[in-house]
Amino acid sequence: MKLNNLEHYEEFFICAYCAYCVNNNAACPTFLSVRHEIVTGRGKMITARNLAQGLLNKEEGLEALKDGLFQCTFCGACEQECMVDIPLTEVYTELKGLMQDRLPENTVKIFQNLESKFNIYGMDQADRNFWNFDVEDTYDELVNRSAEVGYFIGCMASYMGRASGAPVAILKLVTHANEKISIFSPTENCCGNPFLLGGCLEKAKKLAQHNVNEIEKLGIKTLFVSCAGCYRVIKEEYPKLLGIELPFKVFTHMEYLLNLIKEKKLKLLSLTNIKVSFKDPCELGRHCGEYEIARDLISSLPGIESVELANNRENALCCGAGGLVKANYPELAEDIALRLIQQMEEAGTELCLNACPSCLLNIDQFLRQQQSSILAIDIAQLVHRLSQNYQNSLIVNQ
Ligand code: SF4
Ligand code: SF4
């Protein structure tokens, strides 16, 4: 572990210990739950600096740093608030790179799954179309075809039934709009985000190269993505990992759907008396600066009343699942989610709209546990419902 070889080594020494990263605006969600400074930006910077200077017992310092790094949800709130602009999330990734022999147990398991099966769950690649039973004909028509526009589905929506509402809704909408896009579900691999969140850039690179090759093979020029994590990684990290300019553009599924509405390819019916709140995913919002596309899409939906949560856009609360926290520290993920759910209750939210399957799964689990009347769905599912003239009572939590 040679901290002084790190690209971001100098930044340990510019940290002003001001604690803006701890409690400004959105604040550190992990700190609000565990109340131990090691999990904060400041705590990690002080510990790394003390280790680098030999002021801490090495073993104890590394173990403390490990806790701080892996309980972090990668929400980006600290980086946004840092008064001296330390690129904190990059620093964390670099430090995690030095922790490969200390990875949490479930991160190791996820890494093994990615290396053997190319998805986070270790399931067979052949089951990547697990979600398509309701849209099989459209799936067969679109899969592996050459097209200008492609859709990257991601592991969670492919394998986790509760998250598959997004691809199902999108394929139904594509059919209604008579669009001929391409999906490459059988050859799609994990985007590589878990490797990056675990600090292993080299392994992420292989998955990135595979996916870029598959996308290129189909002639895709515009790729849309329904997972905030996949979106961030493909758009922001692939060019850095592979040292290339991507040969295709990357959009969110929200932008794709909004364009279909603007081009009048989707006919939407009005749904009234329902209050929706968009949950800004950290990897879409703070990490990529994408805040307005969701609001634009919602305001294009007739009859929908949008209610902002008290913390929204750059100050949005984290759902608690990111950074592999859900896999390794489920109780922490729960505690963070409950704060978000409380804000939804206070706002009078009836439908929580998501653009990230990781947020959706975590929020949904604890909404159900709390027996809340709030429903969590992907934003594409609402667009699909409106295109189908469903009535309020038929908006079910599928
Ligand atoms: S990324 Fe989020 S959870 Fe991690 S230290 Fe920063 S504010 Fe805390
Ligand atoms: S906001 Fe930046 S400078 Fe201030 S304590 Fe946090 S990491 Fe250090």
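The shell around ligand 2 is made up of 12 nonpolar residues, one polar residue and two charged residues, where Ala, Val, Leu, Ile, Met, Phe, Trp, Tyr, Cys and Pro count as nonpolar, Asp, Glu, Lys and Arg as charged, and the others, Gly among them, as polar. This is a predicted model, in which local features need pLDDT of at least 70 and side-chain atom pairs count only at pLDDT 80 or more, while totals for chains, interfaces and linings use all residues. Residues are numbered from 1 along each chain as its sequence is written, and chains are lettered from A and ligands numbered from 1 in the order in which they are written.

**Ligand 2**

- Of the 15 residues around ligand 2, those that come nearest are Cys-15, Cys-18, Cys-21, Arg-42 and Cys-82, a residue being near a molecule or strand if its C-beta atom, placed from the backbone, lies within 6 Å of it.
- Two or more residues of this shell come from each of α1 (20-23) and α3 (41-52), with helices (H or I, at least four residues) and strands (E, at least two) taken as DSSP runs numbered from the N terminus.
- The largest share of the shell around ligand 2 is that of α3, which gives three residues.

**Ligand 1**

- Around ligand 1 there are 13 residues, of which Cys-28, Cys-72, Cys-75, Ala-77 and Cys-78 come nearest.
- At least two residues of the shell around ligand 1 are supplied by each of α2 (29-34) and α5 (77-81).
- The shell around ligand 1 holds seven nonpolar and six polar residues, and no charged residues.

**Domains**

- The chain is assigned domain 1 (3-97), domain 2 (115-259) and domain 3 (268-394), with bounds that come from an automatic or database domain assignment.
- Between the C-alpha centres of domain 1 and domain 3 the distance is 29 Å.
- Domain 1 brings 16 residues and domain 3 brings 19 residues to their contact, for which the C-beta atoms of two residues, placed from the backbone, must lie within 7 Å.
- On the side of domain 1 that touches domain 3, α2 and α5 are the elements that give two or more residues, and α2 gives the most, with five residues.
- That side of domain 1 divides into nine nonpolar, seven polar and no charged residues.

**Sheet**

- Four strands form an open sheet in the order β2-β1-β3-β4, with parallel pairing, two strands being paired if DSSP finds at least two bridges between them.
- The edge strands, β2 (182-183) and β4 (249-252), each pair on one side only.
- Strand β1 (residues 149-152) runs parallel to β2 and is joined to β2 by two bridges; Gly-150 has Ser-182 in β2 as its bridge partner.
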